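Dear colleague,

Please find the structure below, together with its sequence.

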Amino acid sequence: MADTMHPLKKNPSWKGRRGPVVLVIMDGVGYGKYEDGDAVKASRMDYLRKLESESPHTKLKAHGTAVGLPSDADMGNSEVGHNAMGCGRVFAQGAKLVSNAISSGSMFEGEVWKKLVANVKSKGTALHFIGLVSDGNVHSHIDHLKAMIEKAYAEGVKTLRVHALLDGRDVDPTSALDYITPLEKFLAGFSGVDYGIASGGGRMFMTMDRYNADWAMVERGWKAHVLGEGRKFPSATEAIETYRKEVPGVLDQDMHEFVIEKDGKPVGTINDGDSVVYFNFRGDRALEMTAAFETPADGNFPHFDRKRVPSVEYAGMMEYDGDLHIPRQYLVSPPSIDRTMGEYLTKSGVRLLAISETQKYGHVTYFFNGNKLGKFDEKLEDYVEIKSDVVPFEQRPWMKCAEITDKVIEAIKSGKYQHIRLNYPNGDMVGHTGVFNAVVCSMEGMDLQLGRLKAAVDEAGGIMCITADHGNSDDMFEHKKDGSVATNSDGSPKAKTSHSLNPVPAIIYDPEYKGEYDTKLNEGLGISSWPATLMELMGFVPPEDYDKSLLNLK
């Protein structure tokens, strides 16, 4: 590995095309394993099919060990996917880092854990855990929570509260009781202490907003977790069962808040002197609640009236933003990602554009750049964010793909850029709703934009590379072990709202191809092979330690 960054070497035998190399990330679009429930296959995507049939193409891995997760049973996600596509190598990621820190004991030997525990023991106050209670392993893992609870008990913590966010997005959409009821029993099993669930609700209803899209979600979480305001129940299990009866078919992710009370009082408000751990390891949906805790009562916090800001020892599971150092305290250090493609390209004088709408803007910038905010070179890089609509995605399944395309076509025609990367969020954001017809609509809307991009790339003499960060819309129904579709009580297919383990496309559309590389692409690779590939298409020699290119140059 090189110690210092040097500009990329030019390929003496091929300098690339006259137009830009455009990377199109169709977020959440993979190759489905099953015919039933594959909304990509069910969609009329004439442009994508034509581009694929007439261009060099293959399938890439976008989950598990190919993107730095612990095992190939772990689905990929947009953060690790964009990390891999941006840095050209595979780094151990969130879940793996946390699991390693717990199993080795290094988390509990760290200063932050010791400080959190010492704080509550010396003051006789409560230790609180806020986060997603599931084994989805995308934002959190229930095993991490349990390990910390066991350690807190072993170290003499007397009062402990869990503020449980319901998943239903990275796991079965209505599986909350599979996690919550056993967790209640687990907490009740510690003798001589006061441990329990204090509050909770669906992850898309409260607490876990991202990219400043909907601060009302964070406010609802603050009211339930911190202030103890909201609908009261004697237990979390009873809360979930009640909501299920009242709103048949309600998804876990959308469930309203619950506050656990005893003798007419909430059991777990967060107060001065308490310690708080936000135990999600992934940063995008942790930053806003972190700001609510870390901005002092007299500080600039315009998003909602917090009413009361407790003075607590607050820590995140990981550092959620490496540039702004948020949160101030965290339990596990993130991967240190260096020498990303963007840094190399700007060092080599390449003018580039990164663009998406709000929902994935941070992915084509911050995550793509190795979890770094800001630009490597203000003069050479342009970042464009198209504001997302704040409506349920199934109501506007086309999202902003046309507006993104308008800007990209303008950029291609300007002749200013050698490289453009864009993200169409449709397949992921609409895929998470579980509404099959909406996903089909989102795919067909996006396909029309691929046709528009193709025409612009043709005219400019550029290259269009089409891929995805992980699957989702390719797997919209729950399947049983025998491959048959799981059904609801009314016989309808059971919706699947999580990412898939399926491979994703790698299509290289090169209208001015003159035989510089084999049309058969290298196979068995992961999405981390894109940086080396893109560099070669721009006429550069990729760094030696980057993952293998898809191309075999002649």
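The largest cavity holds about 70 Å³ of space. By class, its lining has eight charged, four polar and two nonpolar residues. The model is predicted: local features need pLDDT of at least 70, and side-chain atom pairs count only at pLDDT 80 or more, whereas totals for chains, interfaces and linings use all residues. Residues are numbered from 1 along each chain as its sequence is written, and side-chain values use heavy atoms, with hydrogens and water left out.

Some terms are needed here. A cavity is a set of points, on a 1 Å grid over the protein atoms alone, where a 1.4 Å probe fits but cannot get out, and its lining residues have an atom within 4 Å of a point. Grid points are joined across faces, edges and corners, and the volume is the space filled by probe spheres set on the points. Ala, Val, Leu, Ile, Met, Phe, Trp, Tyr, Cys and Pro count as nonpolar, Asp, Glu, Lys and Arg as charged, and the others, Gly among them, as polar.

A search of the whole structure gives two cavities of 30 Å³ or more.

R210 is placed in the loop between β6 (194-202) and α9 (215-227); helices (H or I, at least four residues) and strands (E, at least two) are DSSP runs, numbered from the N terminus. With a relative accessible area of 3%, R210 is buried (buried means under 20% relative accessible area, exposed over 50%, and partly exposed in between, with a 1.4 Å probe and protein chains only). Leaving aside neighbours within four places in sequence, R210 is in contact (heavy atoms within 4.5 Å) with E79, R282, D284, R285, E288, Q359, K360, H363 and M429. The C-alpha atoms of R210 and K121 are separated by 33 Å, and the two residues are 89 residues apart along the chain.

**The nonpolar core**

In soluble globular proteins, nonpolar side chains tend to be buried together. A nonpolar core is a set of buried Ala, Val, Leu, Ile, Met, Phe, Trp, Tyr and Cys residues joined through side-chain atoms within 4.5 Å. In this model the largest such core has 77 residues, and M107, F129, I149, I197, M317 and L331 are those with the most contacts inside it. Not counting residues up to four places away in sequence, I149 touches F129, L160, V162, F186, L187, F190 and Y195.

Helix α17 (residues 530-537) is largely enclosed by the rest of the structure, because eight of its eight residues are buried. These are W530, P531, A532, T533, L534, M535, E536 and L537. After α17 comes G539, which has a positive phi near 90°.

The loop between β17 (504-509) and α17 contains N522, and K514 is found in the loop between β17 and α17 too. N522 is buried, at 11% relative accessible area, while K514 counts as exposed, at 63% relative accessibility. The side chains of N522 and N552 are joined by a polar contact of 2.7 Å. A polar contact is a pair of N or O atoms within 3.5 Å; within protein, one must be able to donate a hydrogen and the other to accept it, and residues adjacent in sequence count only if both atoms are side-chain atoms. Apart from residues up to four places away in sequence, N522 touches T58, K548, S549, L550, L551 and N552. The side chain of K514 reaches the backbone oxygen of E512 at 3.3 Å.

**Backbone details in other loops**

D263 is not a glycine, yet it has a positive phi of about 55°. It is found in the loop between β8 (258-262) and β9 (265-266) and is exposed, with a relative accessible area of 74%. R339, not a glycine either, has a positive phi of about 50°. R339 is in the loop between β12 and α12 (341-347) and is buried, with a relative accessible area of 3%.

The peptide bond from I326 to P327 is cis, with omega near -5°; P327 lies in the loop between β11 (313-318) and β12 (330-332).

With kind regards

Methods: 1 Å grid on protein atoms, 1.4 Å probe; cavity = no way out; pocket = protein on both sides within 12 Å on 5 of 7 lines; lining within 4 Å.
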